[in-house]
Amino acid sequence: MTLSAAPALQLLDSRLEVSGGLKLSGELRVSGAKNSALVLMAACLLSRDTLRLRNVPPLTDITAMGEILAALGVQVTRQGDCIDLDGEHITQAAPPYELVNSLRASFFCIGPLLARMGTAQVPLPGGCQIGSRPVVEHVKGLKTLGAQVTIEHGVVTASVPGRSKRLRGGHIHLDCPSVGATETLMMAAALADGETVIDNAALEPEVIDLARLLNAMGGRVRGAGTPTIVINGVPTLHEADYAVIPDRIEAGTFLLAAAITRSSLTVGPVIPEHLGAVLTKLDEAGCRMVQEGTNLRISAESIQAFDLRTMPFPGFPTDLQAPFMSLLATANGTSVVVETIFENRLQHVAELQRMGASIRLQGNTACIEGVARLSGAPVRGTDLRASAAMVLAGLAADGVTTVRGLEFLDRGYANLEGKLNAVGARIRRLSDPA
Ligand code: UD1
């Protein structure tokens, strides 16, 4: 019976119908950060005690990560935005390919599995819609910590030689400040013998969140948020009760919802330091922003063109490049956007052009001439953030925009249409047999 039910589900034509041109007003609540929650969940593998995470967003990626951890033997209990992860009985050091395949972040398991069990077998995450996304830096770093690593038949097999099965501290210099590599190596080093130094570490807020969690579990991590992170390994880590930071990318998307509809909205909770480059650009565009406690109030009347170049934190985040391009498509004047992080992250340009945007593309550079109105059209989000960009463009367009590619959107936005509808948008989710 279940065999016939599964293919039928895959054939559903799910889409959002966004009616454009409406002003928004009110307050948008920001969920916990997806990218933080995913890595913090993997950290439960480091301890035999229960990790309680709060402010975990209700996303399909979080469900997938829970399933992967459960397959390894973690007892996962989810209630609202709180997840308990009991890692006492890890029975497996090899997450199954079928589950891993659906979620790149599952590669986060390799560091903690290796640190705790002395062995890990994790399928290579492979590329995705936005680029090839190598894991060279992760593997090099694990080797520096004493692991033997081989990659065969698409699976990374890592083990710690010797009787103790414990990794040993080492000095790692990352060739590029990879967020994933920094996080993987922090988790691996947390239980290693001795001191690990990670140079040229990523500075992203999610890295700091992981350091805070590890320290709450009894780890000894300092320097997170600077290019040099020092981790003194400890023999064991213990239980913790920890709240995930607010999602800076969802917050940025909501600020853009106000800007693109030339409306006023209150967005929160936000940590303004996490949004530095984003707020600078919105300010350049002519938006007014006022901080009210943990909220930001944004008002937009007209939007001036501006240039942006994606960079590692504290530079402008690649995850908001597509959503910002929707705004720039409606700005007064000409803007230049350069994507420097991922080689294939401009696929939304063709979709925005379908909506009447005037964009010329050359390599990783887009030249956008703002138009007075976008026009609603059927479009497809080609990755998670591109899907959000399509919804934003739809909010501003004349008529109805039908957005497909919701399997991406639902990975990173908790009930986006519900939240936007509550502040005056008109978005319908439709799901028919294809
Ligand atoms: C994380 C985020 C993702 C965000 C990205 C960049 C999570 C779950 N995902 O992805 O949303 O878009 O940071 O801010 O947190 N690179 C190498 N070699 C490596 C590893 C990376 O060359 O071994 C390069 C990548 O090709 C890319 C750049 O480094 O050009 C940044 O990648 P990285 O920081 O690793 O991104 P992720 O951690 O995968």
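**View 1. Composition of the shell around the ligand.** By class, the shell around the ligand in this predicted model holds seven nonpolar, five polar and five charged residues, where Ala, Val, Leu, Ile, Met, Phe, Trp, Tyr, Cys and Pro count as nonpolar, Asp, Glu, Lys and Arg as charged, and the others, Gly among them, as polar. The ligand is surrounded by 17 residues, of which S178, V179, G180, D319 and I341 are the closest; a residue is near a molecule if one of its heavy atoms lies within 4 Å of it. Local features need pLDDT of at least 70 and side-chain atom pairs count only at pLDDT 80 or more, whereas totals for chains, interfaces and linings use all residues. Residues are numbered from 1 along each chain as its sequence is written, and side-chain values use heavy atoms, with hydrogens and water left out.

View 2. Two or more residues of the shell come from each of α6 (136-144) and α7 (179-190), and α6 gives the most, with three residues; helices (H or I, at least four residues) and strands (E, at least two) are DSSP runs, numbered from the N terminus. Domain 1 (9-31 + 246-433) and domain 2 (34-243) each supply at least three residues to the shell, with bounds from an automatic or database domain assignment.

**View 3. Backbone geometry in three loops.** Most residues other than glycine have a negative phi, and most peptide bonds are trans. Another cis peptide bond, between F313 and P314, has omega of about 5 degrees, and P314 lies in the loop between β17 (308-309) and α11 (321-328). In the loop between β3 (50-54) and α3 (60-72), N55 has a positive phi near 60 degrees.
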